[in-house]
Amino acid sequence: FFVPNMITPNGDGANDYFYIQTTSDFDVRWLRIYDRWGELIFQTNDLSKRWDGSFKGKSLNPGVYVYYLEVYCPDNQPYQKFGNITLIK
């Protein structure tokens, strides 16, 4: 896995989206992103989906957001990862 810790959704084509980069095929249980108040702002079970730094169609303010990821590895072992995403404008 490669999980970025920063995005800059300004439309310049560089780091505009948060997404998980992987070289293997994983069965994704969920990827969730929360704001600092604990509100769920993004959720998917498809690693090809990308978060663009918005919630309900509105661009979010710069800040730190938290992600939680749970997948099943090719050997059916569960794997969990969490961390921060800094949104910069």
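In which strand is Ile41 found? Ile41 lies in strand S3, where strands are DSSP runs of E with at least two residues, numbered from the N terminus.

The model is predicted, so local features need pLDDT of at least 70 and side-chain atom pairs count only at pLDDT 80 or more, while totals for chains, interfaces and linings use all residues. Residues are numbered from 1 along each chain as its sequence is written, and side-chain values use heavy atoms, with hydrogens and water left out.

**Core.** The largest nonpolar core has 21 residues, among which Phe18, Ile33 and Trp51 touch the most other members. Such a core is a set of buried Ala, Val, Leu, Ile, Met, Phe, Trp, Tyr and Cys residues joined through side-chain atoms within 4.5 Å. S2, S3 (40-44), S6 and S7 each supply at least two of its residues; S6 gives the most, with four.

**Ile41.** Ile41 counts as buried because its relative accessibility is 7%, buried meaning under 20% relative accessible area with a 1.4 Å probe and protein chains only. Leaving out residues up to four places away in sequence, its contacts (heavy atoms within 4.5 Å) include Ile33, Trp51, Leu60 and Tyr65. The C-alpha atoms of Ile41 and Leu60 are 9.8 Å apart, with the two residues 19 apart along the chain.

Key
Buried means under 20% relative accessible area, exposed over 50%, partly exposed in between (1.4 Å probe, protein chains only).
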